[in-house]
Amino acid sequence: MNMRKITSLTATLSFIVVVVTSIILYIVPQGRVAYWADWRLWGLSKEQWGEIHINVGLLFLLALILHIYYNWKPLMAYLKDKRRQMKIFTPAFNVALAICAVTVAGTLFMVPPFSWVLNLNGAFKDAGAEKYGEPPYGHAELSTIQSFAKKVELDPQTALQRLQAAGYQVTDGSETLLELATRNQTTPKALYAAMRPAGAPVPAEGKGMPDSPPPGTGRLSLADICSTYGLDLQALLAALKTKNISADASESLRDIAKRYGMGPVDLYEVVRSAAGNLATAG
C-alpha cells in the first residue's frame, strides 16, 4: 500500500467530515436548548455531532502532519527566494501571515466581515431558542423530577401524578428528567409541559427579576425584559442613563453589554439594580 496516497485521501475525507460537522455545530441551538428539546439532525444529538467533530478533527490533524512529512521538500521550496536560498518571510509567507493576523484581529475587534459570521451564528442560536424553547434554568434536564418540580414552583407529588396521567412511565421521582425522557422516548421539554397545568404561566413572569439571569436573557431586548418583569420601560432607560448606559428599547442585553465592554451577566446586574431602585422609588 502507498502510504502517501492513503495519507492524502485520509486527510481529504476527514477534512470533508470536519467541514460538515463544523457547519452543523455552527447552526445547532445552544447546548441548554438542544438538550432540553432533544435536538437531533439525521438521528444524532448535538453531543454526538460534537464527539464526531473532535475525533475526526484529530484524525485530520494527524493526517495533515503526515502529509506535511511526505511533502516536506515542496513545502520548504515555498520558503525559498529566487536564488533558492531559505527565507521564511517570503512574499507568499507574508501574505499568508497577514491573512491569519487580519482574521484574528477582525474577530477580536468585531469588524465586518468577521462580525457578520459571528452575528449570523448568534442569529441561528436565537432562532433555535425561539423554535425549541428555553429550559427554566441551565441543565434542567439533569435535575431529578422532585428537585425540578420544586425549582419551577410545582408540587412534586402533583407533578408525578400529571406525568402518569399523560401516559409516562414514572417511578418515585428520583430519576432525572433526561433519564425519564430517554426511557419514555420523549423530551425533557415535553415532560415539563405535562407537569404544568394547562395555561399555567412560566414561574418568573410578572415577578421581580431573579438573582441570576434565566437562560436566553442575553438575547432579550430591554422592552422584552420590561414586559416580562412588569417594569416601566422609559423609567428603566432613564435609570440606566444615570449609570452612564444609553440604549434603545429594541437592543438586546448582549449587544448593549458588548458596546460597553462588559458581559451580559454584568449588565443584567446593572439592569436588575436599576429595576430594584425603581421599585423602591415607586
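Tutor: A residue is called buried when its relative accessible area is under 20%, exposed when over 50%, and partly exposed in between, with a 1.4 Å probe and protein chains only. This is a predicted model, where local features need pLDDT of at least 70, side-chain atom pairs count only at pLDDT 80 or more, and totals for chains, interfaces and linings use all residues. Residues are numbered from 1 along each chain as its sequence is written, and side-chain values use heavy atoms, with hydrogens and water left out.

Student: Which residues of H10 are buried?

Tutor: They are Pro188, Leu191, Tyr192, Ala194 and Met195. Helices here are DSSP runs (H or I, at least four residues), numbered from the N terminus.

Student: What puts them on the same side of H10?

Tutor: The arc is taken from the directions from the helix axis to the C-beta atoms. These residues cover an arc of only 160 degrees, so they sit on the same side of H10. Their cover includes helix H2 (31-36), H7, H8 and H9.

Student: And which residues are buried in H8?

Tutor: In H8 (residues 156-165) they are Pro156, Ala159, Leu160 and Leu163. They fall within an arc of 100 degrees, so they line one face of the helix.

Student: Why is Glu141 said to have no salt bridge?

Tutor: A salt bridge needs a side-chain nitrogen of Lys or Arg within 4 Å of a carboxyl oxygen of Asp or Glu. For the buried Glu141, the nearest side chain of opposite charge, Arg32, is 9.6 Å away, so by that definition there is no salt bridge. Glu141 lies in the loop between helix H6 (114-132) and H7.

Definitions and conventions: Helix = DSSP H or I, 4+ residues; strand = E, 2+ residues; numbered from the N terminus. Lys, Arg positive; Asp, Glu negative; His and termini not counted. Contact = heavy atoms within 4.5 Å.
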